Amino acid sequence: MSVTAWAWLVLAFPLAGSIAIGLSFRSVPSRIAGIAGVAAVGLAFLCALGALLTMLGDPAESRSYTSTLWDYANAAGLDIKLGILVDPLSMFMVLVVTGVSTLIHLYSFGYMKSDRGYHRFFSYLNFFVFSMLLLVLAGNFVLLIVGWAFVGFASYALISFWYRRTTATSAGMKAFVINVVGDIGLTLAAFLIFREIGSFDYGTVFAKAPETFTTNQGTIVAICLLLLLGAFAKSAQLPLHTWLPDAMEGPTPVSALIHAATMVTAGVYLIARTHVLFGLAPTAADISALIGLATLLVAGTIALVMTDLKRAIAYSTMSQIGYMIVGVSIGAFGAGMFHLMTHAFFKALLFMAAGSIIAAMANNQDIDRMSGFWKAMRFTSVLFLIGSLALAAFPLTSGFFSKDEILGYAWARGGFYEIFTIGGYIGALLTAIYSFRLVFRVLPGDPCEEARELIDTGHVTHAEPRNPATGETEDADVGFPGPEHHIAEQSASMRIAMAVLGFLALFGGLVQVPGVDDVITKFLEPVFSDSPLASIQPVILADWEGLAVGGVISILGIWIAHYCYVAQPATPAILRERLRPLYVLFVNKWYFDEAIDLLVVRPALAVGRFASRSFERLVVDGLVTGATDLVRGAGGMVRGAQSGFVRAYALLLFGGFAALALYFLIVSS
Amino acid sequence: MNLEWYLVLSGLLFAIGAAGVLVRRSPVVILLCLELMLNAGNLALITFSRMVGNQQGQVFALIVMVVAACEVVVGLGLIVAIFRRRLPLNVDQLRGLRG
């Protein structure tokens, strides 16, 4: 079978799964729906492997395939096809998306078992996988926008999955609105591209772009900035990031799949995909890298003080995506995509372990109340530790190789770009501290109440169904993670999923050891060979020096975390007192929510209120009531004729005819 | 005899019918007067047919008779329905369509 045939199958399975599960919720038991959901994505992964094997049979230069099912629109110079492009970049994304999705579906199979919305959950989850695959396989900008909007919807539906929870539904709306801001940017960028080049097709656009634009010409910079708007909204970069921490209201598998491993990396993919355009607009690429750097530092500092377990990991996700954005913006495409992959592994793992702990805590996410889970849940704790090690870039774990490769490339590019290396290492220190802050606060120590109960009785606490954020009582049927909670220790499917991810998080980095194998860079090379930045390669020795620095920083960070939270537990309180202003800034998340509220929401509301009071009341109401008054007045004038007396009508009729006859008589004579 | 007299008779019949429609209040009489007006029209049509010398006017008169028969059916049906519902058989009191 050809590569594209496999790719169409990859798209078809999750779509079929989503529709079948969605339609059969009355007739099929939830267990079978779950198996179907896992199988659909699993088959998609197998087809992706088939496509990869077929692709590897061809020489590296010719590994780019397009295929078209039919025309969307073909008129007046517009030529939009339902076509896909399979090249090493999209192949790589498809493998990461389907692979991680399969494991997370497997985890959800156990985690959501007692939820009433089981069918709905798997239908949405399969739909999300389909949309994400459509996004990465799209062969033109129109199909990209379709996939882009679909994943936005899937994200909204899954964040608001527990729809009786007011916090969840408002978080869903927030995510959707901010994503739509990004969609507008992407759509306008596509429009500008079409206006300048006259095509939406990737191949045509990238081939013609160098002839059409000169470097840093206004239009191309505008196009790239608009693309960045889309990428930043989807990938939760400053200042469009505020939806991601709130999105943690959704079920934990959703956080693992959409808000850590796949959807939020769509922005990284977009920048890598349009690297030809960014190559022509170095200014935009630099802005993008700087925002990535700012995000990774800001998010890292917030993660230091978050007391909500899932939100802390969410800020860590933003920070790691910042690294990827820096990578693909400065030209370290292979390294950026490599970090995307390893991050998908260890962050999905971290979320799964956190989900298991949160389930054991009866849905409470506050790390101040957690302790002693090492004794209560050994399996989860080991995997949480593995995920944190990889996140902290501990030597020889996957995060170690991928993060340092981006920073090493920035150093090799030299000059202005060295600030990304320095900033990145500061970020790495923060990463190590905050990831091990979570570890040291949750795992060791005396077991908390819930952990104690787990050790003593072997099952989990059944707390009052209360929303931890607002304290309001919740409907245990819908709008709460079910009356029972599922932790990884007790479900085989969750254990398998976490074990596989744990293995990948530990050893996934070995596919790209500098100077040894470089599998991913070599695989992606044909896609990026046209970029002038591709020739910059750090020498292997420099790479290993970078790795050494990174390793030292990681161990230093872990040591600091150990000092603050285990050896001298009073330190955080002292630091909090000493650095009060900084602490307040971090705890309030750098006041981004307040700033957006002040700069965007309030002015928009004020304009709306003004318009409703003046324009709506005077002009619109005036026009509408004016029209009805006119009709009513005209009716009032003629209603007198309708007396209801039949004989009066007859008289009018006769009189009228007589008058007409008289008139014609006079005229004719 | 001159053909114009037929037209005069037709005009007289029409005027009588129209006056009846205008002055009488009973729906039955109004219906009768309407028939009178229609037949005045028929008489005029046949007269014109004779004057012109072809049969088209006579055919027209036949069609008018059919229409008149239909109209009587509907009109009498209405009157019977009004009577059954014990409404006044007086067109001046039946003024529910006043604007």
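Leaving aside its neighbours within four places in sequence, which residues is H105(A) in contact with? The model is a predicted one, so local features are taken only at pLDDT of at least 70 and side-chain atom pairs only at pLDDT 80 or more, while totals for chains, interfaces and linings use all residues. Residues are numbered from 1 along each chain as its sequence is written, chains are lettered from A and ligands numbered from 1 in the order in which they are written, and side-chain values use heavy atoms, with hydrogens and water left out.

To take the opening question: H105(A) is in contact with G37(A), V38(A), V41(A), F122(A), L125(A), N126(A) and V129(A), once neighbours within four places are set aside. Contact here is heavy atoms within 4.5 Å. H105(A) sits in helix α3 (residues 88-111) of chain A, and its relative accessible area of 0% makes it buried. The burial scale runs from buried (under 20% relative accessible area) through partly exposed to exposed (over 50%), with a 1.4 Å probe and protein chains only.

Stepping back to the whole chain, chain A has 27 helices and 2 strands. These are DSSP runs numbered from the N terminus, helices being H or I with at least four residues and strands E with at least two. The C-alpha atoms of chain A fill a box of roughly 120 × 65 × 55 Å along the principal axes. Of its 669 residues, 55% count as buried. Among contacts in chain A with a separation of 6 or more, 79% come from residues 24 or more positions apart.

On the nonpolar side, the largest core holds 197 residues, and the members that touch the most others are F128(A), L277(A), L309(A), M337(A), F373(A) and F384(A). A nonpolar core is a set of buried Ala, Val, Leu, Ile, Met, Phe, Trp, Tyr and Cys residues joined through side-chain atoms within 4.5 Å. Helix α15 (residues 333-360) of chain A gives the most to this core, with 19 residues. A second, separate core of 18 residues includes Y409(A), F420(A), A428(A) and I553(A). In soluble globular proteins, nonpolar side chains tend to be buried together.

Charged residues also pair up, with 13 salt bridges over all chains. A salt bridge is a side-chain nitrogen of Lys or Arg within 4 Å of a carboxyl oxygen of Asp or Glu. E249(A) and R311(A) form one of them, their closest N and O atoms being 3.8 Å apart. E249(A) lies in the loop between α9 (243-246) and α10 (252-261) of chain A and R311(A) in helix α14 (residues 309-330) of chain A, so the pair ties together parts that are 62 residues apart in sequence. Both E249(A) and R311(A) are buried. They also belong to a network of salt bridges that links R165(A), K174(A), D246(A), E249(A), D308(A), R311(A) and D593(A). Elsewhere, D597(A) meets R602(A) in a salt bridge (3.0 Å, N to O), and D597(A) is partly exposed because its relative accessible area is 27%.

D183(A) is found in helix α6 (residues 166-197) of chain A. With a relative accessible area of 17%, D183(A) counts as buried. Beyond its neighbours within four places in sequence, D183(A) is in contact with W148(A), A149(A) and K234(A). The side chains of D183(A) and W148(A) make a polar contact at 3.2 Å. A polar contact is a pair of N or O atoms within 3.5 Å; within protein, one must be able to donate a hydrogen and the other to accept it, and residues adjacent in sequence count only if both atoms are side-chain atoms.

Now for the meeting of the two chains. Chain B brings 14 residues to the contact and chain A brings 11 residues. About 1,100 Å² is buried between them, and carbon and sulfur atoms give 61% of that area. Buried area is the accessible area (1.4 Å probe) that two parts lose on being put together, summed over both. The count between the chains is 3 residue pairs in polar contact, both residues at pLDDT 80 or more. Helix α1 (residues 4-23) of chain B provides the largest share of chain B's side, 4 residues. That side divides into 8 nonpolar, 1 polar and 5 charged residues. Here Ala, Val, Leu, Ile, Met, Phe, Trp, Tyr, Cys and Pro count as nonpolar, Asp, Glu, Lys and Arg as charged, and the others, Gly among them, as polar.

Between chain B and chain A there is 1 salt bridge, formed by R647(A) and D92(B) with the closest N and O atoms 2.7 Å apart. Within chain B, D92(B) also meets R25(B) in a salt bridge (3.3 Å, N to O). D92(B) lies in the segment after α3 (56-84) of chain B and R25(B) in the loop between α1 and α2 (27-52) of chain B, so this pair ties together parts that are 67 residues apart in sequence. D92(B) is buried, at a relative accessible area of 18%, whereas R25(B) is partly exposed, at 46%.
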